[in-house]
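The sequence and structure are shown first.

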Amino acid sequence: MFKSGFVTILGRPNVGKSTLSNYLLGEKLSIVSNKPQTTRNNINAILNGEDYQIIFVDTPGIHKPRHKLGEYMVKSASDSIKDVDLILFLSTPDDIIGKGDEFILNQFRDVKVPVFFVLNKIDENTQERIAKTLKNFSEYFNFAEIVPISAMKGKNVETLLDLMVKYLPEGPKYYPDDIITDQQERFIVTEIIREKSLRLLNEEVPHGIAVEIVLMKKNEKDNYEIEANIFCEKDSHKGIIIGKSGTMLKKITSYAKEDIEKFFDTKVKLKIWVKVKKEWRDNLITLNDLGYK
Ligand SMILES: Nc1nc2c(ncn2[C@@H]2O[C@H](COP(=O)(O)OP(=O)(O)OP(=O)(O)O)[C@@H](O)[C@H]2O)c(=O)[nH]1
Ligand SMILES: [Mg+2]
């Protein structure tokens, strides 16, 4: 029997949803950083097994939005619940169930599909704390399965995968074998540039960044030529992103280039400009233009 289905990965920001999605896929498709609100769109990651196909939906962390971009992010994540066959609710060890987790769990009260509790980051927590968290959550909600994992180390992820397959319905192959995502190549490039910005910049600067591809084409040698804009919200941020004598922008560009070359397995010429777009995170038209729609 061939099994297939959509599995959404939901949780607060920074709990490791994208890390898990990447680990399951065996490919770095989603960007990851130690800052909350890294992922901004739902990203489908397609995993093919011998007798199954799972489409994982990596979602933005559910949080209290403070601008229209945040509203879009939270809505994308919450909407994913409607069309899936299984929900993975991710959290991390803590002494109590926080308000953020309660808010998410309450959205699951009426769903018809199984909900797994996946407790991530067990590698950096004590057994005692892990046990306490598992107990608290199992009393709070009727989960189909409870699985403690480390997405970073891959601990117990195989077990989690087996359980998911067990719960999935019989179904067709939704996508051909040779694709890992339905995301556009342009989107993947903008995300890689955004990841480098998130990792290299601090405080509020990286959160106000959006990336737009101005040009992306293959030249006669079949290598990519890419030009992109980094938008930020303030003149002072622009200075920080460019850095003294352009050092920061050079770093962002060279790290991004390296990853883009790895992802597409080809040489890349990358040029990036930095521009200011005031309060774009609250401007619906700009959000639309940047693909947050
Ligand atoms: N120690 C440890 N760290 C982890 C684990 N999984 C993820 N992390 C780290 O946690 C941070 C957040 O990981 P992400 O995968 O970006 O988290 P996310 O839930 O996708 O975050 P948003 O996209 O912002 O909602 C990164 O620094 C990861 O390296 C884990 O199992 N153990
Ligand atoms: Mg993420």
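What distance separates the centres of domain 1 and domain 2, taken over C-alpha atoms? In this predicted model, the two centres lie 28 Å apart.

## Domain organisation

The domain assignment divides the protein into domain 1, covering residues 3–167, and domain 2, covering residues 185–289.

## The interface between the domains

Contact between the domains involves 16 residues of domain 1 and 22 residues of domain 2. About 1600 Å² is buried between domain 1 and domain 2, and carbon and sulfur atoms contribute 55% of this area. On the side of domain 1, Ile31, Lys35 and Arg40 provide 35% of the area buried against domain 2, more than any other three residues.

Which kinds of polar interaction link domain 1 and domain 2? Two salt bridges are counted between them, together with twelve residue pairs in polar contact, both residues of each pair having pLDDT 80 or more. The side of domain 1 that touches domain 2 consists of six nonpolar, six polar and four charged residues. A salt bridge is also found between lysine 28 and glutamate 195, with 2.6 Å between the closest N and O atoms.

Which residues come nearest to ligand 1? Among the 23 residues around ligand 1, those that come nearest are Lys17, Thr19, Gln37, Thr38 and Asp123. Classified by type, the shell around the ligand contains six nonpolar, twelve polar and five charged residues.

Several polar contacts to ligand 1 can be described individually. Backbone atoms take part in two of these: a polar backbone atom of glycine 16 lies 2.9 Å from an oxygen atom of ligand 1, and a polar backbone atom of serine 18 lies 2.9 Å from an oxygen atom of ligand 1. Asparagine 120 contributes through its side chain, where an N or O atom is 3.1 Å from an oxygen atom of the ligand. Ligand 1 exposes 650 Å² when taken alone, and the protein buries 91% of that area.

Definitions and conventions. Residues numbered from 1 in each chain as written. Chains lettered and ligands numbered in written order. Predicted model: local features only at pLDDT ≥ 70, side-chain atom pairs only at ≥ 80, totals over all residues. Heavy atoms only, no water. Domains from an automatic or database assignment. Contact = heavy atoms within 4.5 Å. Buried area = accessible area lost by both parts, 1.4 Å probe. Salt bridge = Lys/Arg side-chain N within 4 Å of Asp/Glu carboxyl O. Polar contact = N/O pair within 3.5 Å; in protein donor to acceptor, adjacent residues only side chain to side chain. Nonpolar A, V, L, I, M, F, W, Y, C, P; charged D, E, K, R; others polar. Near = heavy atom within 4 Å. Areas by Shrake-Rupley, 256 points an atom, 1.4 Å probe, with all protein chains shown as cover.
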